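Subject: A structure for you to explore

Hi there,

Here is the structure I promised to pass on to you. Have a look around, and then read my notes below.

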Amino acid sequence: MYVVYAQTMVFLRKKGKSYMHHCKKCDVEFRKKSTLEQHIQYIHKSDFPSVKKILILGGGFGGVNVLREIQNIFQNKVNVDISIVNQDNFFLFTPMLPEVASGMIHPRDISIPIRTFCKRAKFYQAVVSSIDLEQKLVTISRQFDGKVHALEYDYLILSMGSITNFFGNKNIEKHSFTIKTIEDAIGIRNHSINMLENAGQTSDPDLQQKLMTFTVVGGGFAGVETIGELNHLIRESAARMYPNINPEKINMILVSSKNGILPEVSKSLSEKAMRSLKNQGIQVITKTKAVDADEDYVLLDTDEKIPCTTLIWAGGVTVDPVIAGLKCEHGKSGKVQVDKYLRLIGYPNVFALGDCAEIIDSTTRKPYPPTAQHAIHQSHTVSQNLKVTLTGKDKMNQFSFHSKGMMATIGKRNAIVAIFGYNLQGVIPWLIWRTYYVLQMPSLGKKIKVILDWTVDSFFKRDLTSYGQIKKKNLTKVDIKENVVTLKELLFPDL
Ligand SMILES: Cc1cc2nc3c(=O)[nH]c(=O)nc-3n(C[C@H](O)[C@H](O)[C@H](O)COP(=O)(O)OP(=O)(O)OC[C@H]3O[C@@H](n4cnc5c(N)ncnc54)[C@H](O)[C@@H]3O)c2cc1C
């Protein structure tokens, strides 16, 4: 008996007691329909007409969690084709980036290759260069030669996070480090160690002070955690390895434009955190903005000029220009606006979550804060609602989440935690922070590696090796010939 699929090249053929899936073009049979589907896609570069294409843009907290959930939901269903695009080939566990910047954790231990999550999804390491919501088309430019390709979708998930916002200040952009990517964290670590080496080789007190002054702008999680970690690294390393550095020349400065730090936590906990930073020798300047910078200074809007060779900018975020340019409704900082089911307003086949979406809390009427824990919870809602949209079964879930706690590290064995109405600060909250975040890591291997990094750091002194510049090779002139197995086919077999 034959059953003809909508596409003429495939049959279901009964052989003995079981049905075999048959490709008429090649005259080969497959036991599983999914294997036949892959054969059609890879060999004939075609799809089943009934296959629905789900495309996830961004492999961070939002994107990777949606990917993992929908792969489980649609486990053996062959009528969905899932793809994910991310500019790096790994998922980055950002809450531990400041610990990478201070050298406590190895960069590889907080980066997990996205392919390890792809049980049945395709992964494209490429930059999303445009999204056409009307044509349901996304263009991506692949990394190795910059060539642009189009991907069609039936359902789109926008989870492209945020980018650093310099508010148009070119000098600050040029002369500052940021703390968003793994390269940023490696760069800050290398630079900080170089500053220690330079300061250790000068007897000029003013120059030594300039080299040993670290200014972090931004009183949010990223800024506070970074200054806490750097303070530990610089003070401890100087005391241990650089006898020439006068400890009084070390200045650690945190600049916040708000009337305090960590706006996500209560006023009393924010004040506790500020006191603790000050006790560790960190100067906290509030209600102040950085307005200009050069190689060796930062200028504040109070006209104070801070002589320093290190400026780290964690002073604001905005959305990727591709998200900002979407023809849909936008909220603050260009974030896309969604309905209570996390669907893009006016586009029921497009979902958005995480830092690139403005999601309003129906109780407070304010947008939910851009945190990893919110992105993770939003991923549950998006996955469920995608399932409902595709299957027509069940009712859509409205997104609602009330965080049970907020926490941040604020230096050596020190953290603040707001949990179940309690505001805590010190070693116990620091242990809670570590336990919570290590449990959140989506890989057992990396969990173990991070615990090992922490253990080694408790018993041994910090490694002060500076890695210097890493050379990259471009492959823009690689000649891609047709009809032979090429680099193109190896990297992008289905394009
Ligand atoms: C230093 C630091 C510390 C933090 N600490 C905490 C913390 O302690 N607790 C907490 O809850 N939150 C913390 N956050 C915030 C948290 O990281 C974000 O809220 C969370 O990552 C948002 O998830 P997302 O999926 O929206 O974006 P992301 O996790 O940023 O993922 C977005 C992904 O999209 C990719 N992407 C973006 N544009 C493109 C493009 N054009 N083409 C291809 N790929 C693209 C990016 O490379 C990235 O992989 C911290 C953030 C930083 C930077």
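Asp457 and Arg462 form a salt bridge, and their closest N and O atoms are 2.6 Å apart. By salt bridge I mean a side-chain nitrogen of Lys or Arg within 4 Å of a carboxyl oxygen of Asp or Glu. Asp457 has a relative accessibility of 18%, so it counts as buried. Arg462 is buried as well, at 10%. The cut-offs here are under 20% relative accessible area for buried and over 50% for exposed, with partly exposed in between (1.4 Å probe, protein chains only).

Before you go further, please keep in mind that this is a predicted model: local features need pLDDT of at least 70, side-chain atom pairs count only at pLDDT 80 or more, and totals for chains, interfaces and linings use all residues. Residues are numbered from 1 along each chain as its sequence is written, and side-chain values use heavy atoms, with hydrogens and water left out.

How many salt bridges does a search of the whole structure find? The search gives 8. One of them joins Asp81 to Lys122, with 3.3 Å between the closest N and O atoms. Asp81 sits in strand E6 (residues 80–86) and Lys122 in strand E9, so this pair ties together parts that are 41 residues apart in sequence. Helices (H or I, at least four residues) and strands (E, at least two) are DSSP runs, numbered from the N terminus. Both Asp81 and Lys122 are buried.

Another salt bridge brings together the side chains of Glu236 and Lys412, at 3.0 Å from N to O. Glu236 belongs to helix H7, while Lys412 is in the loop between strand E27 (405–409) and strand E28 (415–419), so the pair ties together parts that are 176 residues apart in sequence. Glu236 is partly exposed, with 33% relative accessibility, and Lys412 is also partly exposed, with 38%.

Now for the ligand. It is surrounded by 27 residues, and the closest are Gly62, Thr94, Val128, Asp355 and Tyr437. Which kinds of residue make up the shell around the ligand? They divide into 12 nonpolar, 12 polar and 3 charged. In this grouping Ala, Val, Leu, Ile, Met, Phe, Trp, Tyr, Cys and Pro are nonpolar, Asp, Glu, Lys and Arg are charged, and the others, Gly among them, are polar.

A polar side-chain atom of Tyr437 lies 2.8 Å from a nitrogen atom of the ligand. An N or O atom in the side chain of Gln87 is 3.1 Å from an oxygen atom of the ligand. For Phe61, a polar backbone atom is 3.2 Å from an oxygen atom of the ligand. On its own the ligand has 1,000 Å² of accessible area, and the protein covers 91% of this. These areas come from the Shrake-Rupley method with a 1.4 Å probe.

The elements giving two or more residues to the shell are helix H2 (61–73), strand E9 (121–132), helix H7 (221–241) and helix H10 (372–391). Why does the ligand lie between domain 2 (51–162 + 334–397) and domain 3 (170–317 + 404–459)? Because both domains give residues to the shell around the ligand. The domain bounds come from an automatic or database domain assignment.

Next, some backbone angles. Most residues other than glycine have a negative phi. Lys136, however, has a positive phi, near 55 degrees. This residue is in the loop between E9 and strand E10 (137–142), and at 35% relative accessibility Lys136 is partly exposed. Asp303 also has a positive phi, near 75 degrees. You will find Asp303 in the loop between strand E19 (297–300) and strand E20 (305–307), where it is exposed, at 67% relative accessibility.

Ala418 and Leu269 are 149 residues apart in sequence, and their C-alpha atoms are 7.6 Å apart in space. Ala418 is in strand E28 and is buried, with a relative accessible area of 18%.

Happy exploring!

Definitions and conventions
Near = heavy atom within 4 Å. Polar contact = N/O pair within 3.5 Å; in protein donor to acceptor, adjacent residues only side chain to side chain.
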